Amino acid sequence: MDPVIFLIQCLNAVQYGLLLFLIASGLTLIFGIMGIINLAHGSFYMVGAYMAFALQPAVEHYLGGGFVATVAVCILLTTLLGYLLEWVFFSYLYTRDHLQQVLMTYGLILVFEELRSILVGNDVHGIAPPPWLSGSISLSDVMTYPVYRLFISAVCILVATALYLVLTRTRLGMKIRAGASNREMISSLGVNIKRLYRIVFAIGVALAALAGAIAAPVTSVYPGMGNAILIVSFVIVVIGGIGSIRGAFLAAMLVGFVATFGQVFFPQVAGMLVYLLMALILLFKPEGLFHQG
Amino acid sequence: MRKILISTALALSLGLACTSPANATVKVGFMLPYSGTYAKLGEAIENGFKLYIAEQGGKLAGQDIEYFKVDDESDPSKATENANRLIQRDKVDILVGTVHSGVALALAKAAKASNTTLIIPNAGADAITGPLCSKEIFRTSFTNWQPGYAMGEVAAKKGYKTAVTITWNYAAGKEATDGFKEGFEKGGGKVTKSLNLPFPKVEFQPLLTEIAAAKPDAVFTFFAGGGAVKFVKDYADAGLRQTIPLLGSGFLTDGTLDAQGAAAQGLLTTLHYADGLDNPKDKAFRASYIKTYPSIAPDVYAVQGYDAAQLLATGLDAVHGDAGKKAEMRAAMAGATIDSPRGTFKLSKAGNPIQDIYLREVHGTVNQVIGVAAKALADPARGCKL
């Protein structure tokens, strides 16, 4: 392989891995720290993408427009949505067994898909990236790289750093980690664990929606888009070790590289390479790369 | 007295029963996607079908048409069960379906096993009118091979020497790119690389990089729906539109142009239907369709549904509306000349349209016809023993 092409492929892999991390980070919080099997995670991703599409005209009308404003409104609304969902549905699930969690979150997938169909319809829609990010950089004599993809990577790195700092350096992060390892103990120490979980859940939903909204100009929005990313998100969380942000980051990068180079070198089996990777890692590290607690 | 009454009643009812075949309705079973990604396609096919019936005054060969509907959900694992609902429960005379090729394969097997006439208004799997072909099965759409092969010829005539194909790793994509390869290499070109990725993955970046490395004269692709939107945009974003021409099977730009926007302008695709066809039948069809369904633009799926109804009409006319005379009806259908909005066509021995494949160019939000890529192109129907 030509070294220039190889470097471009590495860039593709890093970029894909970062996006995967952004998508999976919310799931790591909800599944890893709160212990809820949340199949609706893909739906939150879809909600974010569709909001970025559907809210654009309204934001333009009331706030003067702009991509950043749309994404900000989208994050605000989905945080609220997450907070409410936790309150009305998820808070009853912590003590129930996993099957009931699966049933309810699967139900949510159907509800969100149907709502999407009623509210926005079944068409595929494209979203234009903001004008100040729509340029591209030339990489070789025939290929260019869109600036927007680099912007996505920058956002992903920012979110990863912020998450890491919040979880390891702040009081909130300390409480969250404590809550993850022992619910009863931390509530007996006077921390309102219910509210804490509500906040964590809201952040998780907002992260998924942010990923959807940011990725929308690249992926376009289409029915069933959430289901496509759900499984790979779970793979990343499982490889990374449940509840570990660091692990999820590393796992997302691994998956990015395996998926990218798998497609290039082994196109016939590209679909299963990621799962082979997961199987291999679980064989030697049954708890994932970085298991917490 | 009582006995006489009963026997009279019996005789009357028997008499009625005897006369009923002439007045009975023809039962048409739609097995189409009414939910999911293909829901709009199913709707368009049904609209087209019903439009033709309405134009005939709501009857075919003097018979009322009674409809039965099953949502096939584009799910092959439920296909046999869904087909049998129409065949065994509703006892339909004619099956019409479907969009998804995997579902259509199961549907074709069920139709064959129960000796029920099937008209396929979309699914393009080569096998249905290839190894699986049968006298019960007709298709008013296309095989995946047809647009691919036609584009291969076009590419060779344009003087391209090398090409790369890229598609999803599934039957429809493989059939389309194989068709392209056949047409292109017959014309002296060479397909240097066949790229594919698992269905329905849309992470194209690594493969676009491969295309940039291979630097072919042209790229041929088969994608549809959301994947088509993303591929066309990614191809443009990667700067490849300026250096390597992109050619596609028509579904690359059908129903997706609004979402693809500027990235799709000027793309060349091949299909058996196009915007701006210069034939009176198409103009009449479009006017009638827009009048009946003001909120939906007529498209290739509506045409295929419309032609499915025309094909059925030919069959029913030949047997004077008695759908029970299956063999005669099928013989008439097999020999039919369909005056389609796409241009008139006849069916091949295997039951697939022998039709012109148009070369189209994207202008704004239409696929404008700019010529005929292949005249009266027949699928080779490899493996068909009819």
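Which residues touch the most other members of the largest nonpolar core?

1. This is a predicted model, and the points below should be read accordingly. The largest nonpolar core holds 207 residues, of which A49(A), A209(A), I236(A) and L107(B) touch the most other members. Helix α9 of chain A, residues 193-219, provides the largest share of this core, with 17 residues. Domain 1 (9-142 + 277-351) and domain 2 (145-271 + 360-377) of chain B both contribute residues to the core, so it lies between them. In soluble globular proteins, nonpolar side chains tend to be buried together.

2. Leaving aside residues up to four places away in sequence, A209(A) touches F44(A), Y45(A), V47(A), G48(A), M51(A), C74(A), I75(A) and T78(A).

3. The contact between the chains draws 30 residues from chain A and 33 residues from chain B. On the chain B side, at least two residues each are supplied by α2 (39-55), β8 (190-197), α7 (205-214), α8 (225-237), α9 (240-243) and α10 (257-260) of chain B. The largest share of that side, seven residues, belongs to α7(B). By class, the side of chain B that touches chain A comprises 15 nonpolar, eleven polar and seven charged residues.

4. The division of chain B is into domain 1 (9-142 + 277-351) and domain 2 (145-271 + 360-377). Taken over C-alpha atoms, the centres of these two domains of chain B are separated by 31 Å. Their contact takes nine residues from domain 1 of chain B and eleven residues from domain 2 of chain B. The domain 1 side of this contact in chain B has four nonpolar, three polar and two charged residues.

5. Strands β4 (residues 94-96) and β5 (residues 117-120) of chain B pair in the parallel sense over three bridges. In this pair, I94(B) is placed opposite T117(B) in β5(B).

6. Strands β14 (residues 353-363) and β15 (residues 366-377) of chain B pair in the antiparallel sense over eight bridges. H363(B) stands opposite V366(B) in β15(B). The hairpin of β14(B) and β15(B) has two residues between the strands, and G364(B) there adopts a positive phi near 60°.

Key: Residues are numbered from 1 along each chain as its sequence is written. Chains are lettered from A and ligands numbered from 1 in the order in which they are written. This is a predicted model: local features need pLDDT of at least 70, side-chain atom pairs count only at pLDDT 80 or more; totals for chains, interfaces and linings use all residues. Two residues are in contact if their C-beta atoms, placed from the backbone, lie within 7 Å. Helices (H or I, at least four residues) and strands (E, at least two) are DSSP runs, numbered from the N terminus. Ala, Val, Leu, Ile, Met, Phe, Trp, Tyr, Cys and Pro count as nonpolar, Asp, Glu, Lys and Arg as charged, and the others, Gly among them, as polar. Domain bounds come from an automatic or database domain assignment. Two strands pair if DSSP finds at least two bridges between them. A nonpolar core is a set of buried Ala, Val, Leu, Ile, Met, Phe, Trp, Tyr and Cys residues joined through C-beta atoms within 7 Å. A residue is buried if 20 or more other C-beta atoms lie within 10 Å of its own, exposed if 12 or fewer, and partly exposed in between; C-beta atoms are placed from the backbone.
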